[in-house]
Amino acid sequence: MTGTATTTKSVLRALLTTALGMLLASGLWGLWSPPAQASLTNNNYDGNIYALYAGNGSLVPPRSSLAQALSDHRTTVVVYYLDDDAASKQFSAVVSELQRVWLNTIELIPLVTDPLQNRADTGPTDPAHYWSGSIPQVVVFNPEGQVIFDQQGAVDVDAINTAVSQATGIPLPEGGTSSITESFNELNSEVVSR
């Protein structure tokens, strides 16, 4: 009887050792994953560009729709973007700066364009009505719902601020604004006043 117990113990010990070895190997394999490849300059999907590149994940989803902002007669800034577009990634710091400068004075609506593609325009309260097909694109509406600014590409934050100032009636600081976008590491940038 002791011989059988010893054999059973040996078999169980061998199975346990093998199982622990396999668990250890799989755990170490999980630790050896390739480094993340997030980059501000490529067209790869890295996640929410506002959280990752501008350090401001509060921008999306927007707190209001275009239809609601227009019906509330608010100055509205719509920014069309894609999370997997290098130009949108680089522009995300400008959008974050707009939120910092204007706070609750304006309705800031960053909209990903995937849902707007290949669908019918349903009228002036539909974001697809104003999207030109380019990204990034910035459209500023005055409180009457009229478009007073519409530009594509890496729009200068100072030009947007001027349009928002015109729409809100809130003057820009003495001498206007003068800002530049500075990168402080390979992923993040911020807009700073000069």
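**Salt bridges in the predicted model**

Asp46 and Lys89 pair up through their side chains in a salt bridge, with 2.7 Å from N to O. This one ties together distant parts of the chain: Asp46 sits in the loop between α1 (2-31) and α2 (49-52), while Lys89 belongs to helix α4 (residues 86-102), 43 residues apart. Helices here are DSSP runs of H or I with at least four residues, numbered from the N terminus. The term salt bridge covers a side-chain nitrogen of Lys or Arg within 4 Å of a carboxyl oxygen of Asp or Glu, and by that rule the count is five.

The model is a predicted one, so local features need pLDDT of at least 70 and side-chain atom pairs count only at pLDDT 80 or more, whereas totals for chains, interfaces and linings use all residues. Side-chain values rest on heavy atoms, leaving out hydrogens and water, and residues are numbered from 1 along each chain as its sequence is written.

(Buried is under 20% relative accessible area, exposed over 50%, and partly exposed in between, using a 1.4 Å probe and protein chains only.)

Helix α4 also holds the pair Glu97 and Arg100, three residues apart and so separated by about one helical turn. Their closest N and O atoms lie 2.7 Å apart in a salt bridge, and Glu97 is buried at 6%.

Arg119 makes a salt bridge with Asp126, again with 2.7 Å between the closest N and O atoms. Asp126 is buried at 4%, whereas Arg119 is partly exposed at 36%.

Notes
Helix = DSSP H or I, 4+ residues; strand = E, 2+ residues; numbered from the N terminus.
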